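Dear colleague,

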Amino acid sequence: MSGEGHGGNAEHLVQMANDIGNFFRSEPERKDAIAGIANHIAKFWTPRMREKLNAHLKAHGADGLDELPLAALQSLAANPSVKPHEEAPGGDAG
Amino acid sequence: MLSIVEHDYGTPHRDNAKLVTLTIDGREVTVPEGTSVMRAAALTDINIPKLCATEQLEAFGSCRLCLVQIEGMKGLPASCTTPVAQGMKVRTQNKQIADVRRGVMELYISDHPLDCLTCPANGHCELQDMAGAVGLREVRYGYAGANHLSAPKDTSNPYFTFDASKCIVCSRCVRACDEQQGTLALTIQGRGFDSTVAASQNVSFMESECVSCGACVQACPTATLSENTLIAKGQAEHSVTTTCAYCGVGCSFRAEMQGEDVVRMVPNQDGHANHGHSCVKGRFAIGYATHPDRILKPMIRQKISDPWREVSWEEAIGHAASELKRIQAKYGRNSIGGITSSRCTNEETYLVQKLVRAGFGNNNVDTCARVCHSPTGYGLKNTMGESAGTQNFDSVMKADVIFVIGANPTDGHPVFASQMKRRLRQGAHLIVADPRGIDLVRSPHIQADHHLKLRPGTNVALINSIAHVIVTEGLVKEEFVRERCEAPSFEKWRRFIAQPYNSPEAMQEITGVPASEVRAAARLYGTAGNGAIYYGLGVTEHSQGSTMVMGIANLAMATGNIGREGVGVNPLRGQNNVQGSCDMGSFPHEFPGYRHVSDDSVRAQFEHAWGVQLQGEPGLRIPNMFEAALDGEFKGLYIEGEDIAQSDPNTQHVTAALQSMECIIVQDLFLNESAKFAHVFLPGSSFLEKDGTFTNAERRISRVRKVMQPKGGYADWEVTQLLANAVGYPMSYAHPGEIMDEIAHLTPTFTGVSFARLDELGSIQWPCNAAHPDGTPTMHVGEFVRGKGKFLVTEYVPTNEKVNAKYPLILTTGRILSQYNVGAQTRRTENNRWHAEDRLEIHPHDAEERGIVEGDWVGVESRAGETVLRARVTERVQPGVVYTTFHFPESGANVITTENSDWATNCPEYKVTAVQATRVTQPSEWQKRFREFSENQEALLKSAGAVAAK
């Protein structure tokens, strides 16, 4: 996956979101996949990164962003005050 | 000889619950069964003369000095080779024994130089000691006979001298190389009087297979093998116990000193990680700490094209603080951040993340683990509940099958590799999964049962196919899984892994490993009594690094290989304190102890302790800092000990980001690659100049103890404290011990840790708290930290980094024994003699296709950039794969690595870069620019002193 574009180049944020989605797409239940992606983004992305990706989507549409991460971002946007939780893959350290 | 402060008990300690009581010279002594008579005597302060015996090595019985009389036994048995027996009665001295001993010493001294007063071993020579102990007064043979006094010296090794004229052929050096190191580079050639120590096929030490670990030097009882620093300086007068600052083994050393001058580093016999052994780096390569390149005065400049100006500490810190505040006022609170490294102690790392969180007011703090083992933390936390390995190093001695994945321990963790090889020589089985033929695959007395030579980037495909065999051939430890793991997650995983597309037959096209080999290896691991997995950056530095760690955890749990000695999931953390830097919360999303910043109750504890409100949203990881910098949003950075301009991937992208920042503060020993882009340089301190702790790959916290005053005036923790006060966040620690006390107060896994407790126990493996007052050697005993182990589905997702006609080869990177990471330390020592440049390893087939021969300059081009390296044509790599190291900045290894990274942690995919290799005749354009830029920066540095003098 590419880590570029975390800042202004939002295409890289698209790639990062897709890469996260690729891990969670193995979840048999779609809602679990979406929740997993949303939780991961909430845990590890700064608010500014999420802002930039949402702005990019508004300006350019969802072109390039896979369906599951798109749904996850929409879920995050709809519930901005929900905090990430530990119980899902999402314990980055060391 | 052991360190000046250590007593040699003659033969190794034996671990045995059964005890034996015997009488030695009328004294009753009780020792574990299996202890030698010699050691039992030494434990009761009866020191039987010895020369070929040392507690570092198994008894040999050759010198015949240690003979004793044992009631009921014929003759005079050697006490070193005779084990104690219940009720044994031993007499260590009588006239007959004394006469024999004197006779033995007469023979030795008849063929030994008598220059004791000018000998490097004077004052610490076992031969001299034994001559005194036996009361030697004359040598009746005289000195006119044949002798070895004119035998030549071997001075080929830069660190030690082999003076054959002083050799008493006790074989300690040979045995040390065999038993301790496992290289078997030395032998005794010839017989009788003609016996001499020979390196390899009687070549110089430097030309031989010797890896310069120094075990032979330490074992030698005379001056035959002596450290060159000892020869030059003489004996030390005191020693300080400290911890190595190189790799993740964390060897304990006794720094032997004359005043503040280090005479030599001697491995601590009681080192809990290294047990008296070390490698060439820790033992010998410490010259960087006093290298002329050290920058000892603070410097500032406005622009990176300006000359540096030496200033006082007050001015430098004041300037740094005012710049950081200016930047935040202009660009916002989140526009600055900090980066720590393994060069920092735990206490120093804790202070930097505290400064960033409480002083800067954001969570933009990250650490070197980002580029190495961040997937380990992610993967193990989610499966087992803790972001660390499960065992201690000693656990390997109980392993039946050792599975090494993506690690090269003989180069990266040499002291642990020596221990692993000891176990392998005892008969444990070995599976190696690596694209290259690493040394461990086949070395003296060791051959891997299976070398799974997979294609780079296919780890998850391989681990899935191995797990497929375990599940479909009935090798799951059902009882363990039922008792210890979450049933729903296991069932979900079992269904997934049993799918035909995960079979070895389906995956062999992807991995390149024949299905039959995979099945055989899986069965070997799956039927092991104790199966232990050891892995390194060949697992983590991939786009599916975290997925692979989870796959490893799944495999270990499914086979019941968790929760006792001899098994486990063992990440070989590469650096001395990378584990510690993670433990200390140098992460944008976690406080110390791996708790998310959004957790209100945890954050409240830190807010209460630190007296400020803290941010609850995650901050920027290192790669994200670069992006934000290029976006004009991230402008200030405080870097302690990390060299991101050399170590991070896509160098041109990194340097562009650095150039877009307005204030980069580098705290380091030297003008490293990152410092060439800096505006403030704060002199750092080496591990010899500070107190604190490091945490190694075993979760083992060990003391680092100052042996000399910081050459720049302040230890690293003091500098951070100065900066914190200057930005307006007060800190007033008087000693690093106080910092550790605060860490312990705020971190549940550290509550029992303190400097006093570390002094008492020697080292502590966290968790150390009320539940584990002496620490925790083995994790997840009885239950996992998270309660039940969780299986996670690990679908194989190919990397985005594809080979094609333009880039048909895969480049993978690694490291070498003699150099360490970016080489800032080791390049400034004699270790350059072994590895003076990074080379491109290329298979003969690929080389021939391209007209490349050994030593040719080869242009290596990727989608990110190009560089030029000299070729090493070797079959260690497979066709289609090339390999290089990254120890020299001018090699530009990271100019060609890309920004592809692990989906979960952004750990760079260093191990998979699509490249083309072409024979060339000149450096790359990047290298030409690099050379020019570097020369310019060196010139700007040279002018610093001149400007300060004005």
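Buried area is the accessible area, taken with a 1.4 Å probe, that two parts lose on being put together, summed over both. Chain B and chain A bury about 3,400 Å² between them, and 49% of this area lies on carbon and sulfur atoms. Of the area that chain B buries against chain A, 18% comes from Tyr378(B), Glu627(B) and Trp903(B), more than from any other three residues.

Please note that this is a predicted model, in which local features need pLDDT of at least 70 and side-chain atom pairs count only at pLDDT 80 or more, while totals for chains, interfaces and linings use all residues. Residues are numbered from 1 along each chain as its sequence is written, chains are lettered from A and ligands numbered from 1 in the order in which they are written, and side-chain values use heavy atoms, with hydrogens and water left out.

The interface

In terms of contact (heavy atoms within 4.5 Å), 49 residues of chain B meet 42 residues of chain A. A salt bridge requires a side-chain nitrogen of Lys or Arg within 4 Å of a carboxyl oxygen of Asp or Glu; six are found across this interface. The side chains of Glu633(B) and Arg48(A) form a salt bridge, at 2.5 Å from N to O.

Helices (H or I, at least four residues) and strands (E, at least two) are DSSP runs, numbered from the N terminus. The elements that give two or more residues to the side of chain B that touches chain A are helices H10 (374–383), H19 (545–558) and H22 (622–630) of chain B. H10(B) gives the most, with six residues.

A sheet in chain B

Two strands pair if DSSP finds at least two bridges between them. In chain B, three strands form an open, antiparallel sheet in the order S5-S6-S9. Its edge strands, S5 (153–154) and S9 (225–227) of chain B, each pair on one side only. Strand S6 (residues 160–163) of chain B pairs with S9(B) over three bridges, and Phe160(B) stands opposite Glu227(B).

A buried serine

Ser79(B) lies in the loop between strands S3 (69–70) and S4 (89–91) of chain B. A polar atom of the Ser79(B) side chain lies 2.8 Å from the backbone oxygen of Cys66(B). Leaving aside neighbours within four places in sequence, Ser79(B) is in contact with residues including Ser36(B), Ile48(B) and Val68(B).

Yours sincerely

Note on methods
A polar contact is a pair of N or O atoms within 3.5 Å; within protein, one must be able to donate a hydrogen and the other to accept it, and residues adjacent in sequence count only if both atoms are side-chain atoms.
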